[in-house]
Amino acid sequence: VEDLQSGLIYNIAFDEKLAVYNQNYQNEQAHSEVFQNHLSNVANIIKPYFYNKKICEVGCGKATFLHLLEKHNYNIFGLDPAYEGYHPLIIKKTLQETENINAEAIILRHTLEHVINPYNFLNTIKEKLSNKQGLIYIEVPCFEWILKHNAWFDIFYEHVNYFRLSDLQNFFEVNSILTSGKLFGEQ
């Protein structure tokens with residue numbers, strides 16, 4: 001449904017008790033060469049803004065992107081209860097469970113669509129950032145692309161929210177957006 005006040009499109013039937021994010025949750029796509037190229041493109045997008053910052057990747061999954069940035073000497077750590085390994089820079093917790101992340105930049109790659117109240121979640125991030133300000137990179141599936149291509153396979157239970165580019169732009173003040181656009185074939 002679409003919230004007529006905010007414009008946010010969300011799954012009204014979602015029950016968070018049915019979506020368990022732990023080490024058994026599998027959604028890794030990095031085995032694909034196409035997706036690996038996409039991750040390299042994302043690294044190039046964030047580099048001018050994030051390279052010398054302390055970064056937290058919230059919802060880092062199996063840490064594929066985190067490891068890519070780590071290889072390029074980024075100061076990065078991750079949060080994800082679904083992480084399977086034992087990397088010392090990855091905390092197996094959610095953002096809400098974490099006291100303070102003390103980061104200057106946040107990466108949300110395919111995380112925000114899994115969050116019940118994205119507005120509150122983004123405010124939580126703001127509160128946990130160093131000095132309550134910092135940078136954020138957000139990547140989510142594009143609802144406009146789903147509609148245009150009848151890609152109903154991209155609508156599935158774990159996605160609580162569906163975003164259009166304008167929805168994300170409306171989260172922030174216009175002069176605070178450094179760059180925005182569509183990636184991965186506009187998906």
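Is Cys56 buried or exposed? Cys56 counts as buried, because its relative accessibility is 0%. Buried here means under 20% relative accessible area, exposed means over 50%, and partly exposed lies in between (1.4 Å probe, protein chains only).

The model is predicted, so local features need pLDDT of at least 70 and side-chain atom pairs count only at pLDDT 80 or more, while totals for chains, interfaces and linings use all residues. Residues are numbered from 1 along each chain as its sequence is written, and side-chain values use heavy atoms, with hydrogens and water left out.

**Cysteines**

A search of the whole structure for disulfides (a pair of cysteine sulfur atoms within 2.5 Å) finds 0. Cys56 is accordingly in no disulfide, and the nearest cysteine sulfur, that of Cys60, is 8.0 Å away. Cys142 is also buried, with a relative accessible area of 7%.

**Salt bridges**

A salt bridge is a side-chain nitrogen of Lys or Arg within 4 Å of a carboxyl oxygen of Asp or Glu. By this rule there are 4 salt bridges. The table gives some of them.

| Pair | Closest N and O atoms |
|---|---|
| Lys62 and Glu84 | 3.4 Å |
| Glu139 and Arg109 | 3.5 Å |
| Asp167 and Arg164 | 2.9 Å |

Lys62 forms a salt bridge with Glu84. This pair links distant parts of the chain, 22 residues apart: Lys62 is in the loop between strand S2 (54-58) and helix H2 (64-71), and Glu84 is in the loop between strand S3 (75-79) and strand S4 (90-91). Helices (H or I, at least four residues) and strands (E, at least two) are DSSP runs, numbered from the N terminus. Lys62 is buried at 16% relative accessible area, whereas Glu84 counts as partly exposed at 39%.

Glu139 forms a salt bridge with Arg109. That pair also links distant parts of the chain, with Glu139 in strand S6 (residues 135-139) and Arg109 in strand S5, 30 residues apart. Both Glu139 and Arg109 are buried.

Asp167 forms a salt bridge with Arg164. Salt bridges that share partners join Glu2, Arg164 and Asp167 into one network. Asp167 is buried, with a relative accessible area of 6%, and Arg164 counts as buried at 18%.

**Thr111**

Thr111 lies in the loop between strand S5 (105-109) and helix H3 (118-128). Its relative accessible area is 10%, so Thr111 is buried. Which residues is Thr111 in contact with, leaving aside its neighbours within four places in sequence? They are Val58, Gly59, Phe121 and Glu139, where contact means heavy atoms within 4.5 Å. Glu139, one of these residues, is the salt-bridge partner of Arg109.
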